[in-house]
Every structure is written in C-alpha cells, then in structure tokens.
Amino acid sequence: MGKTIKLISGDGEMFEVEEAVAFQSNIIKSLADEDNADDCIPLPRVDSQILSKVLEFCRKHANSPSVHTKFAAIPSELCPKHDGSAAGASSSESSSAHSETCRACYDAVMKLVQWDLEFVKVDLDLIHHLLKAANYLDIEDLMFMAVEGAANAIRGNNPEEIRKLFDLENDFTPEEEKEILKEYSWLDDPFEP
Amino acid sequence: MAEGSDARAWEELIPDALGLIFSNLPLQEILIVIPRVCKSWSRVVLGPYCWQEIDIDEWSQHCKPEQLNKMLHMFIDRSCGSFRRLSVSGLHTESMFTLIAAQLELPRSEMNDAIVKLVAPRLCNLTYLDVSYCSKIGACAMEAFGSLSFRSDHYALIASDSFVKVKASHSRFRFLL
C-alpha cells in the first residue's frame, strides 16, 4: 500500500484507504493537506454503511479517467496502454489528442461506465444517501452516477408511480394538477416525434 | 439509519441536487410529469437548477419556430440567465443569437454574418461552439469567432467544410467533413 489516509465514519468506524482512493473526494483531499499526517479525518455526517459503499466506488475510480468530463483530455499516464511507461510529467505526448484517438482509453472508460451503472442499480434509499455523501464529500463522479441512478428510477413513470417510489405525498388538488397539464396547451402536439 | 428522519428525504433534498436529477430526464417528463409529483418538485422545475444545461436540440427539430422561441425564452427565464450550455437547432429569429453561454450548440440555425459580427464579442465565456450547417454564415462569421479570446485553453468550434478557406491559425477548430 502506498500512503494511506484514515477516515472515521459518523458511527465511529475507522477506514484506512490509499491516498488515491480517498482523494477522489475533494473535501478529504483538502482536509488531508492541512492536517498533520497521523491524524484521522472525521466524517461525522457519513455513517459506516454509506462510507463503505462510497469507498468501494472510489477504489474503482482511483486510477481511471473521470468518465463524464466531455472535452478534457485524458492524461496519458492514466491510459491502460501507456501504463507504467510514461513518467507522468516527462511524457511529451500531446495530451490534448490523447483521449480522442486512444482506443484503450475509450474502452476503459466504457467499462467503467458499465460498472458505475450497475453500482447505482440499488434501492432509492441508498441512492439518496450516496447523493448526500457525494455532495458532502465533493466526489464528482459519484455525484454524477447517483444523479443518473435517481433519474433512471423516475424515467418513464407517471406522477403516482413516482410518488410511490420516492415516498412522496401528493399535495396537489385535482384542479391544480389539471392546471399544470393545461400550461402547455399552446403547443398543439407538444412532444410528438 | 433512522426511519423517521428519512421519511421526507426526497422532498427535501437540496434543490440543486434535484435539479441535476431532473435535467437528466427527457424534456417532456421535466415539463409535464415532474411538476405534478408534488409541490416542492414543481418548484425545482420552475427554478434555475433544472436549467443549467438547456438541451432542446431534438425537440427543436420538429416544432414550429414561434413555439421554439416561446419555449426557449421560458427556459432561459427559469435559469435566470445562468445556463452554461444551450443546445438547440434551427434557430430562426436572429435576435435569439444574443444568447450567452459557455457551450453553444446551434446547428442548422439561420443567423447571418452581420449578426455574428455584432454578437461574437460578447461570447467571451465560450468553450464550445457548434455552428454546423448554418447556411447563412460564411468566412466573415468564422473570422469573428476566430478572433475571440476564449477563456479556456480547451475549446472546440464545429463548422462545415465550406469554411476551410478561412485562415485558421486556430488549430482548435474542427471541421466536419
């Protein structure tokens, strides 16, 4: 193991993980920079069950390019093909062209996306907690996937089905609901393909 | 995890997280399904968090021009002008080109060179611009875009191959073939 970071969950459990894993969280990264190396970083708002799921995600993403940055280049040191050969900063390969032409990177990112999609095929309760944790810990990729997981649960359902799934109360009167539908009557066929 | 504390969990999720979730949904769902779920979700759809990225490209290809304008204005209003990305095709009204965003995707739109020259200086936040198949703009417009000092080092400009003649010392231009 390289350099490790110790994290304490809200319910007092200690997790020791590699820096690269923990630093997926921008918050943990900045906290680790300030404190001295021996201290544990307390995360009072994340309990151990959630933290362990979060760390599972971070472990998978630790040495991969971010899956949702659209136009940023994937640095060549993260490319599976060039793994180990480039010494990072000394690589003179044009990193701006790298992600667009490198098949190995593309495949790696696609595989990671598949893994992520499976990862968020969980109950909404867990997605809710992951969303809050990703927001609190500032983990961009996890936020992105938790959002996608929640959107997947909503897509294609009517309001009543959505209310059941998300345990929400219908606070509209029937008249109010009708009003909302009327709002778009100026579009004759609003969404006809 | 306490049952009770989670009871109103989704309703009270911070609005920008909800907005992010909704913005991943098809347009029809955001406009007609989500606002009917409950009042707090309806409020999110009316607010800016849902409309940071306005993507009506597919819908704009089938609708009437006046409907498109009305829709676009509605979304821009809801975003309180804070949208970063706009994707719409076939913009007919020239005044619509006063849109300021970081990413503008306006394929098959009808603005002309004169409008572009006028508006281009305001687009200093651009990192991505798609003006593919905009048949009314030519070399003059491309020069105007080219002379922008973009904020970021990474930007892309998509245009069709008739613009190849433009003196593109800008290696960041990409041309559709």
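In this predicted model, Arg163(A) is a buried residue, with a relative accessible area of 5%. Its side chain meets that of Glu160(A) in a salt bridge, with a distance of 2.6 Å from N to O. Glu160(A) counts as partly exposed, at 40% relative accessibility. The two residues, Arg163(A) and Glu160(A), are three residues apart in helix 8 of chain A, so about one helical turn separates them.

**Salt bridges**

Over all chains, the structure holds 14 salt bridges. Four of these pairs are listed below with the distance between N and O.

| Pair | N to O distance |
|---|---|
| Arg163(A) and Glu160(A) | 2.6 Å |
| Glu118(A) and Lys121(A) | 2.9 Å |
| Arg84(B) and Glu53(B) | 3.5 Å |
| Glu177(A) and Arg36(B) | 3.8 Å |

In the pair formed by Glu118(A) and Lys121(A), Lys121(A) is exposed, with a relative accessibility of 60%.

In chain B, the side chains of Arg84(B) and Glu53(B) meet in a salt bridge. Arg84(B) lies in the loop between helix 6 and strand 2 (85-87) of chain B, whereas Glu53(B) belongs to strand 1 (residues 53-55) of that chain, so the pair ties together parts that are 31 residues apart in sequence. Arg84(B) is partly exposed at a relative accessible area of 44%, and Glu53(B) is partly exposed at 33%. Both residues belong to a network of salt bridges that links Glu53(B), Asp55(B), Arg84(B), Arg85(B) and Glu105(B).

**The annotated region of chain B**

An unreviewed UniProt entry places the feature "domain: F-box" at residues 17-56 of chain B. Over residues 17-56, chain B is 55% helix and 8% strand.

**The contact between chain A and chain B**

The contact takes 45 residues from chain A and 42 residues from chain B. Between them, the two chains bury about 3,900 Å², of which 67% is on carbon and sulfur atoms. Three salt bridges are counted between chain B and chain A. Glu177(A) and Arg36(B) form a salt bridge, their closest N and O atoms being 3.8 Å apart.

On the side of chain B that touches chain A, at least two residues come from each of helix 2 (15-23), helix 3 (27-33), helix 4 (39-46) and helix 6 (65-78) of chain B. Helix 3 of chain B gives the most to this side, supplying six residues. By class, the side of chain B that touches chain A comprises 25 nonpolar, six polar and 11 charged residues.

**Positive phi values in chain A**

Asp138(A), a residue other than glycine, has a positive phi near 55°. This residue is found in the loop between helix 6 (124-137) and helix 7 (140-154) of chain A. Asp138(A) is partly exposed, its relative accessible area being 35%.

Asp167(A), likewise a residue other than glycine, has a positive phi near 60°. The loop that holds Asp167(A) lies between helix 8 (159-166) and helix 9 (174-182) of chain A. With a relative accessible area of 53%, Asp167(A) is exposed.

Terms used:
Residues numbered from 1 in each chain as written. Chains lettered and ligands numbered in written order. Predicted model: local features only at pLDDT ≥ 70, side-chain atom pairs only at ≥ 80, totals over all residues. Heavy atoms only, no water. Contact = heavy atoms within 4.5 Å. Buried area = accessible area lost by both parts, 1.4 Å probe. Salt bridge = Lys/Arg side-chain N within 4 Å of Asp/Glu carboxyl O. Helix = DSSP H or I, 4+ residues; strand = E, 2+ residues; numbered from the N terminus. Nonpolar A, V, L, I, M, F, W, Y, C, P; charged D, E, K, R; others polar. Buried < 20%, exposed > 50% of the residue type's maximum accessible area, 1.4 Å probe, protein only. UniProt positions renumbered as here; feature names shortened; annotations may be inferred.
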